[in-house]
Structure formats: structure tokens, C-alpha cells
Amino acid sequence: MKKFVSLLLALVMVLSVFAVATAEAPKKVGISMPTQSLERWNRDGSYLKAEFEKAGYEAILTYSDNDAGRQVNDIQNMLAENVDVLVISAIDAEALNTVMDEAANAGVAVIAYDRLILNDAVTYYVSFDNYTVGKLQGQYVETALDLANAGDKVYNIEFTAGDPADTNATYFFNGAFDTLKPYIDAGTLNVVSGQTEFQQVATAQWNTDTALNRAQTVLSSFYADGTVLDVWLCSNDSTALGVAQAIESDYAGTNPIIVTGQDGDVANLANIVDGKQTMTVYKNVMDEAVVTLSLVQAMFAGEVDGAALVDTFGVACAFDTESYEKTPGNKVDSFLLVPSVVTKDNLNYLVDIGLYEMGDDGYLTAK
Ligand code: GAL
């Protein structure tokens, strides 16, 4: 009998130690960001790491220098570190299948962050309404030129889209192009280069120099004869930076040109102050990080009711079960935040949200 009691006591002690260890063991999150060469991801990575650590998580943060193979290795290393959940912004939506299968086999949940991963291992998608990002750019042009009342006026426009490997890029481009296509069809907007297909206007890795070089080629080929350029619709700020440089160096006209962008990169905000860019679509990536943490916490609490969860975020966010597919026919439950338009007239909005500060010279810097 004594032997049984001592065995029982030993078992209770082992279980209680295990229980304490499990209860206190911080959850571990792997945060895989694509690159530091595009400004916004530096903020995404630091905000995500800070928010998860504030909540008691151990956070592993990597940047894969826009190298898809390196991102696979970075994520494999996180799995080897026994992370409980992965938060990934994919460099290439279709290049992570191997490591996604490894995550699924290990029972590790995957949050596709900002950019969708085309693999069934994705548990949830957290982003902004990417089609609306493009739509806001198109609507800005529509309103600024009053296209609906243009009469027989014709405005010349060019397009620069994003990285074909980034699923967001086609949503941005389609949102903008669908908005402006009626005016192109009516002849109110004229794409002088004739380059209106996504693949014709796409920019690998969102690279500024690539966007610059293509813009210079278009300008020298179609605008050197004095043709007036009225609009250059760019899907994001890193490409808009290249286009603005090309306009400055290779366009002889002196007329105002509408140049759009996205992200609120500091160099582009300066171009907005200086009149070289007209607007950017701003996405509050601090909110994106907070929503991601809240979702992960709900996942570990075993209670993700998306429709109810969005009401707890404190920021505008839609729970969407229809817009995005992780693989053909398989929709992914998505949490989509709301983008906003920033121009010279509302730069203070960025100061008011506490993420930028304005110098005496009127230029903004990120905090
Ligand atoms: C997209 C992202 C945008 C854009 C681009 C550059 O996927 O949603 O903010 O800037 O990447 O990194």
C-alpha cells in the first residue's frame, strides 16, 4: 500500500510540474517578413514583435531580403524552434508549399499577413481590402479630373503595377483599372503607350529602379514629341518614387501630373509636400499588427468567431469569407482592415495617429 501511495504522490508531483511549465511557457510566434528594402515591412516587423512580446509571447522575427528560398529556410528554422504559430508575409505566394506542408504536419497555425499564401495550410488571412486600395487610387483620379463631366476633354494616363509574385499586386491594379476602364473605353482617358495589361506594367519586387527604367522608356518612346502626360497611376510608393524620378529627368512638360502611391513611405510623403506625388493610400500597419495579435490570442483561446471578433479590435475591420481563395475553390477566412487616402491636405492625419511626426519644415518622419 505504501508503495502505491508513494507512486501516486510522485505522479501528482510530475503532473503538477508539467502543468505549471505548460501554463507558464510563453507562446512562441515566428514572424517572417519579406524584406527591409521596402520601408513598410520594417514597421510591420517591429510592431508585430513588440505587440506579441507585450502579450507575453516569445517572438522570432526574420527578414528574407526578397529571396523566396531564404524565406523557406527562415520559416523552417522557426519550425525547428517549435513556434506555436507563424505570421508570414510571403515574398512569393506560390513558393512556400514545402514549408507550409511542414507547418501543417507540425500542427502549427499559419496567419498569411498582408499578402496571401496560396496553400491550404493557411489558417487565416489578415490584410487590408486590397481591391479597395486600387479603387481609391482610381477614384482619386476620377475625382481630381472630374472625369464624369470631362465632355470631349482627353487625359493621357500611364500605369505602373506591382510584383507579379505578390497576390496583392493584381488586386491593387484591378481595383484601379476597373474604376478607370469606363473612361478609357469612352476615350476620356488615353493610355498613350497602349500598356494596359497587368503583365505589361508589373514591377518585379516592387523595385524602384525597375519602375524608373520602364517609366523612362515609356516617356522617351511616347512623350518625347511633346505629348502631355496627365496621370501616372502607381500601385505603391516604391514604384511611384521611380516614376516621379523619371518624370523629373525625362519628361519635358511643365504641367501638373497626378501620381498615385500606397504605404506612406517617408520619401513619398516628402514628394507629396513637394508636389511630385499627389496621393498615397495609407494602411495603418500598427492596426494590422494589433488585429493579428488579437486573432492569434483568440485562436489559442479556442474561440474564433470572426464576425464577433472584429467588433473587439477597436479598429475598422471586416470579416470576409468570400473574397480570397488559398487554393482553387478553398476560400480563406480573412480579416480586412480599411485603407485611407492621404494627400497634401491631410498629412496631419499621420501625425494624429501617432506614427509620424512633422518637422518645422513641413516634412514628415516616421516615429
Ligand atoms: C504589398 C503591400 C503594399 C505594397 C507592397 C510593397 O504586398 O500590401 O503595401 O507596398 O507590398 O511592399
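Guide: Let's start with a term. A polar contact is a pair of N or O atoms within 3.5 Å; within protein, one must be able to donate a hydrogen and the other to accept it, and residues adjacent in sequence count only if both atoms are side-chain atoms. In this model, an N or O atom in the side chain of Asp114 is 2.6 Å from an oxygen atom of the ligand.

Visitor: What kind of model is it?
Guide: It is a predicted model: local features need pLDDT of at least 70, side-chain atom pairs count only at pLDDT 80 or more, and totals for chains, interfaces and linings use all residues. Residues are numbered from 1 along each chain as its sequence is written, and side-chain values use heavy atoms, with hydrogens and water left out.

Visitor: How far is the side chain of Lys283 from an oxygen atom of the ligand?
Guide: An N or O atom in the Lys283 side chain is 2.8 Å from a ligand oxygen. For Asn168, a polar side-chain atom lies 3.0 Å from an oxygen atom of the ligand.

Visitor: How much of the ligand does the protein bury?
Guide: The protein buries 100% of the 300 Å² that the ligand exposes when taken alone. Such accessible areas come from the Shrake-Rupley method with a 1.4 Å probe; for residues, only the protein chains shown count as cover.

Visitor: How many residues surround the ligand?
Guide: There are 13, and the closest are Trp41, Asp114, Arg115, Asp166 and Asp263. A residue counts as near if one of its heavy atoms lies within 4 Å. By class, the shell has 4 nonpolar, 3 polar and 6 charged residues. Ala, Val, Leu, Ile, Met, Phe, Trp, Tyr, Cys and Pro count as nonpolar, Asp, Glu, Lys and Arg as charged, and the others, Gly among them, as polar.

Visitor: OK, new topic. How do you find empty space?
Guide: Rolling a probe the size of a water molecule over the atoms shows where empty space is left. On a 1 Å grid over the protein atoms alone, a cavity is a set of points where a 1.4 Å probe fits but cannot get out, and a pocket is an open set with protein on both sides within 12 Å along at least five of seven lines; lining residues have an atom within 4 Å of a point. Grid points are joined across faces, edges and corners, and a volume is the space filled by probe spheres set on the points.

Visitor: How many cavities of 30 Å³ or more are there?
Guide: The structure holds 2. The largest cavity has a volume of about 130 Å³. Of its 15 lining residues, Arg40, Trp41, Arg115, Asn236 and Asp263 are the closest to its centre.

Visitor: Which space does the ligand take?
Guide: The ligand takes the largest cavity. A molecule sits in a cavity or pocket if more than half of its atoms lie within 2 Å of its grid points.

Visitor: Which element gives the most to that lining?
Guide: α2 does, with 3 residues. Helices (H or I, at least four residues) and strands (E, at least two) are DSSP runs, numbered from the N terminus.

Visitor: And the second largest cavity: what lines it?
Guide: Its lining is Arg40, Arg43, Asp263, Tyr282, Lys283, Val285 and Tyr356. Its volume is about 50 Å³.

Visitor: Pockets next. How much space lies in the largest one?
Guide: About 350 Å³. The largest pocket has 20 lining residues, with Asn255, Pro256, Ile257, Gly275 and Lys276 nearest its centre. α9 gives the most to this lining, with 3 residues.

Visitor: What volume has the second largest pocket?
Guide: About 190 Å³. Its lining has 3 nonpolar, 6 polar and 3 charged residues, including Ser37, Trp206 and Asp265.
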